[in-house]
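Here's a quick tour of some packing and ring contacts, with a word on confidence along the way. Have a look at the model first.

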Amino acid sequence: MNPARGQWWVYTAVAVALATSGIGAGEAWFAAHDLGNAEAVAKCLVSEGIDLKSAPDVLLAASPLFLGCVENSQRVLALSALTGAVSLLAAAWLLMIVGGLVVRWRVRPADSLPPAATALFARFDRLCDERGLGGRLRPQLIIALPATGFREAFTTALPGGRPRVVMPLNYAYADEAAFDAVVLHELAHVRARDITWASAAWWAGWLSVPSLLLALAPLFFTSWDFWTSLIAWRLYGAAVLLAVLSTMSVLVLRAVLLRRRETIADRYVVEVTGSPDALTAFLKPRPGDAPRRLLATHPSPARRLRDAAHEVSSGYGGFVFAAVVGIISMRLYHALDSVLSGLLGLSVDSRLPDELAAAVTSGLWAALLLPAWTRRAALPTPRWFTAWTGAVIGLTVGYCVKPPGATQITVEFYKLDLIYLVAALMLAVFAVVVLTSGVAARLTQPSDSVLRGRLSAAGGTVAVTAALTSALVAATTAATAYVSFRGDLAALRAHVLSASPGWTYAGPLLVLGLVLLTLRSPHMTGVVVPLAAGLTGGVLGSLVWLLRRTEGQQPDEVTSALTHERWLICAFAGLAAAVAVALAHRAREEECLAARVPLCILHGLLAAVLAGGVQYAVILTRGVGEMSNFFEQTLRLPGWLFVVGAITTLPLLLLPLLLVSQRNPRLGTPFRAGGAIAGTVVLTAALLSGALSAIKISERDVQHTTRLINAIAIPEPPALPASPKNPGRALSQTAATTALDHLPTLLPASALATAAPSREELEADMRTAPPTCGDSVNGYDSAERQLSRTAEARRDFTFTPEWLPLGATLVATVTSYEQEAGDLSAFDDALRPCSSFLQPDNTYDGGYLNCAWASSKPTSGAHQERRLIITSKGTIKGYQLTHVTLSRVVSLQHNQITVGVTFHHGRTPPPPHVIARLDQLTEDALASLLAHL
């Protein structure tokens, strides 16, 4: 037995724990010292007109401006977090060196030793030679004199240096068997390199609280004002308590691991000496040995003698181990997500940092857990329930609680709805945990070659990594959608059943990993079951699509709902195939249901992909409907739906499958294939009959996915009717009003009709400084009001386009006169003095707005037309506010039509493409009015 076996995970876990504690402290340092300049960020948001309590469509429109305000702050936050991680790792390393040097100074070699002690060195060297210890791993023996105060043997080492085994002088006069047993015990620690990780874990525990308090020092210790301290404790008191809890957890876990390592070292002594009584030479149990303290690193002598006689067989894969690995992995996830979001910039796809962090974290979790669970799976009775429970709790708690010092954004976002996130996470990770135990069970089976064994081990790790990444993204997306849309199941379905971008990579990796896993022992139930289920699902999906799709144009939401329906049928084929494989009689006695889980998932994915390929080929051959690509129609969407189905149904199916798997009769291949076909047909019938409407995406669900986008997006204009023969004729009031009724089709879905200003407001004189502009415009307006008219209609709308959180308005008027209005020369004359002027307004600093009007005449067009740009700028309490109006005026015989879009912005103007789109809106609105006169 090698005492060092599997110890690498401890070093990794300790390093991650230190790094994540440092990241939390770095984020706290960032907040306490205001490195992100919170006041500047707040002023930027105000200057851009952003209110974080606004409606979702307004916040979506403001997102580019919001990112511009916080991006630099987030980058500084990421750098602070990285600095904290590096600093805490460096501090732990330095403290390990200092602590080791202090111990070395205390146990430095004595100048002279009695003759009985000098004989121990040769015996020590012989034991080292027998154990094959050489080079830097070969320890040095130190005899501790009574003056040093050391009464027990121990091993000490500096990081990267040769270890030293310290033996009290009394062993020079003890039995040789006692000396040999003690030395072998310490050599077991040397071989396992227990000293380094034990020291690192010690500092990983103790540094958590001091580092956080140091980061928060400006809040807690630089001001003795009671209220300031109270506010600080309200903000960060929970973080300090969490750090204390984290410290205690790490130290308790360290003590538990060290007690276990003591047992393994004792077992090593028994194995080397071949004598179960070897330990009695130096372990002397006393009657009434009391249980050791919680932080004790050595079990009682009686316990050590009892445990050494038994093989330490359960590995580190039990409840505590699985829970700790889950918590540490999720702490790394939060740390990476925060750092990547800041370094990559918030302008990238917001899901990219999250999915990268999930992928790295899942890989770490798989690499740490799989080796231990593989050893566990080799036991006659692995007792998976406790290991499963620890893994599920660890991952869930680790996700919900970020490292101490970091903003607990998860808890703050969900608040009382946190139960939904917990439920979604536990359901998703439970499926991954069961899959992981199945992969571990599969890896215990013998391999006929070293290459196959290594490929299968790598494949198992890749499969678990891909599965956990997908599960985390799916669970968090589901919970966020459910809470954000206030419990709307339609929104939940629309978000969960739509594959995330990460599945584009995780899906193929999951299939690849499972295929490599089967190379270890390439026994499968054959391809008959997935082939039968896949063909059935593909044919049924194609028929449903062809029979239910109407000829001609149909709404996009109906087409999308029918498309998801046929993808769901493909997923049903995968579920039926997976269950049929799970029910198959085990081919060998050592194969259990756990080992079949990866095969079930692989067969299910293959069936879903095959079904998607069949329906893709059928529909493409028939030439109906728009198809994307083969990957989209097979693994990406049907495969994803199968995975979601497997996650949600596993808790319901696990117990019945465990019971049925114990039966003696074997189900033949025809029976399993027939069962898979029947299962696919039954599930499809239930879907079409409405029995499974709760999991089916409907037309309303599809609308949820585009609601916010449509709320701010200006749609493409609809096709216009043929222009009237005489659009310049005098109009009736009804004709003028009807022409305006078509304008909402040009506006975003969130646009609202508003009341027009009163006549008194419209006819009020315009005041300017100098008064030349106001007098000219007022004179034109007065003369225009004197003209007799047959119709006058106006419509006002407000909407919030992208980049413009302050909103925009569209105003359109149609005025028809009894006499022909003539050209726009009088309009041009009225605006000529208005190129630049001041307009009184006490709302703004200084009581004025700086205004500029610019008029231009299009170079082409069949009608008299002017394009007008009006800009008004002012400041309110130092914050700049700008109003811009893009207007078009057309004079056509008896009729004059005006369309204008006014928008407002703060410090940052919208980009040119936004202004161009608003200008295009005025052109489209003008064309619509002319076409409907």
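## Helix α27 and its neighbours

Let's start with α27: its buried residues pack against β5, β6, α28 (825-831), β7 and β8. This is a predicted model, by the way. Which residues of α27 are buried? They are Cys773, Gly774, Val777, Asn778 and Glu784. Around the axis they cover an arc of only 125°, so they sit on the same side of α27.

The length of the helix checks out too. α27 covers residues 771-785, and at 1.5 Å a residue its 15 residues should span 21 Å; the end C-alpha atoms are 21 Å apart, which agrees.

## Helix α25

α25 (residues 733-740) has Ala736, Ala739 and Leu740 as its buried residues. Their arc around the axis is only 100°, which puts them on the same side of α25. The cover over these buried residues includes β5 (789-799), β6 and α29 (912-931).

## Aromatic pairs

Searching the whole structure turns up eight aromatic pairs. One of them joins tryptophan 388 and phenylalanine 430: the ring centres are 5.9 Å apart and the planes are at 90°, so this pair is edge-to-face. Tryptophan 388 belongs to helix α13 (residues 384-400) and phenylalanine 430 to helix α15 (residues 418-443), so the pair ties together parts 42 residues apart in sequence. Both tryptophan 388 and phenylalanine 430 are buried.

Phenylalanine 837 and tryptophan 853 also make an edge-to-face pair, at 5.8 Å centre to centre with 75° between the planes. Phenylalanine 837 is in strand β7 (residues 837-840) and tryptophan 853 in strand β8 (residues 848-856), so to speak a link between distant parts of the chain, 16 residues apart. With 4% relative accessibility, phenylalanine 837 counts as buried; tryptophan 853, at 18%, counts as buried as well, because the cut-off is under 20%.

## A charge over a ring

Elsewhere, arginine 566 lies over the face of tryptophan 545, at 4.7 Å from the ring centre.

The protein chain has a mean pLDDT of 82, with 86% of its residues at 70 or more. Confidence is highest in strand β6 (residues 808-817), at a mean of 93, and lowest in helix α24 (residues 699-712), at 58.

Over residues 586-591, pLDDT stays under 50, and the model has 14 contacts for them beyond four places in sequence.

Definitions and conventions
Residues are numbered from 1 along each chain as its sequence is written. This is a predicted model: local features need pLDDT of at least 70, side-chain atom pairs count only at pLDDT 80 or more; totals for chains, interfaces and linings use all residues. Side-chain values use heavy atoms; hydrogens and water are left out. Rings of Phe, Tyr and Trp (its six-membered ring) pair if their centres lie within 6.5 Å; planes under 30 degrees apart count as stacked, over 60 as edge-to-face and the rest as tilted. Helices (H or I, at least four residues) and strands (E, at least two) are DSSP runs, numbered from the N terminus. Buried means under 20% relative accessible area, exposed over 50%, partly exposed in between (1.4 Å probe, protein chains only). A charge sits over a ring if NZ of Lys or CZ of Arg is within 6 Å of the ring centre and within 35 degrees of the ring normal. pLDDT is the predictor's confidence in each residue, from 0 to 100. Contact means heavy atoms within 4.5 Å. The arc is that of the directions from the helix axis to the C-beta atoms. The expected span of a helix is 1.5 Å times one less than its number of residues.
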